Amino acid sequence: FKLDLSTKKVIDKFDLPLAYGGVDAAYSRVNKHIYVRSDVCCTCGFEGADALVCPGRYTAELVNVTTGNQAGQNNVLGACFWRCHGYGADTLGVYEFDTTTDTIVGSHLMKE
């Protein structure tokens, strides 16, 4: 979201391609970029899935996978959000967003 800081209203929205969402943002005053950790959906709970056991205390649900070697699978058992960080579907990592041009300029993978 892009906010008008004087009115505290949302003035624009931006998509994170292939991501289920974003979390844990940080702003750099040096280059005026925002870094946003992407969230994805992954498969879990069955043989051949990204994770044999679903991470966290939640059970698997039906998800659509857009990244990794299971990309394109829809309505499969899986999980989303932080529960997929570090698994095979976690191929987006951190998006780098330039606030002066309102564009995504890259993404960075990290070891967890």
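Biologist: How long is the polar contact that joins the side chains of Asp39 and His85?
Modeller: The model is a predicted one, and the distance is computed from its atoms. A polar contact needs an N or O pair within 3.5 Å. The side chains of Asp39 and His85 meet that cut-off, at 2.7 Å.

Biologist: In which strand is Asp39 found?
Modeller: Asp39 touches residues from other parts of the sequence, including Tyr20, Val23, Phe81 and Trp82. Its own place is within residues 33-43, which form strand β4.

Biologist: How many strands does the protein have?
Modeller: Along the sequence the pattern reads β-β-β-β-β-β-β-β. There are zero helices, and the number of strands is eight.

Biologist: What share of the contacts with a separation of 6 or more is between residues 24 or more positions apart?
Modeller: The protein has 112 residues, and its C-alpha atoms fill a box of roughly 50 × 30 × 25 Å along the principal axes. Among contacts with a separation of 6 or more, residues 24 or more positions apart account for 45%.

Biologist: Is Asp98 buried or exposed?
Modeller: Asp98 lies in strand β7. The cut-off for buried is under 20% relative accessible area. Asp98 has 11% relative accessibility, so it counts as buried.

Biologist: How far apart in space are Asp98 and Gly48?
Modeller: In sequence, Asp98 and Gly48 are 50 residues apart. In space, their C-alpha to C-alpha distance is 38 Å.

Biologist: Is Asp24 buried or exposed?
Modeller: Asp24 lies in strand β3 and has a positive phi of about 55 degrees although it is not a glycine. Exposed means over 50% relative accessible area. With 62% relative accessibility, Asp24 therefore counts as exposed.

Biologist: Where is the place of Asp102?
Modeller: Asp102 is not a glycine, yet it has a positive phi of about 55 degrees. At 24% relative accessibility, Asp102 counts as partly exposed. Its place is in the loop between β7 and β8.

Biologist: Which element gives the most to the lining of the largest pocket?
Modeller: The largest pocket has a volume of about 390 Å³. It is lined by 17 residues, with Phe1, Phe14, Leu16, Val36 and Phe97 nearest its centre. The elements giving two or more residues to this lining are β3, β4 and β7. With three residues, the element that gives the most is β3.

Note on methods. Residues numbered from 1 in each chain as written. Predicted model: local features only at pLDDT ≥ 70, side-chain atom pairs only at ≥ 80, totals over all residues. Heavy atoms only, no water. Helix = DSSP H or I, 4+ residues; strand = E, 2+ residues; numbered from the N terminus. Polar contact = N/O pair within 3.5 Å; in protein donor to acceptor, adjacent residues only side chain to side chain. Contact = heavy atoms within 4.5 Å. 1 Å grid on protein atoms, 1.4 Å probe; cavity = no way out; pocket = protein on both sides within 12 Å on 5 of 7 lines; lining within 4 Å. Points joined across faces, edges and corners; volume = space filled by probe spheres on them. Buried < 20%, exposed > 50% of the residue type's maximum accessible area, 1.4 Å probe, protein only. Lists of a residue's contacts leave out its neighbours within four places in sequence.
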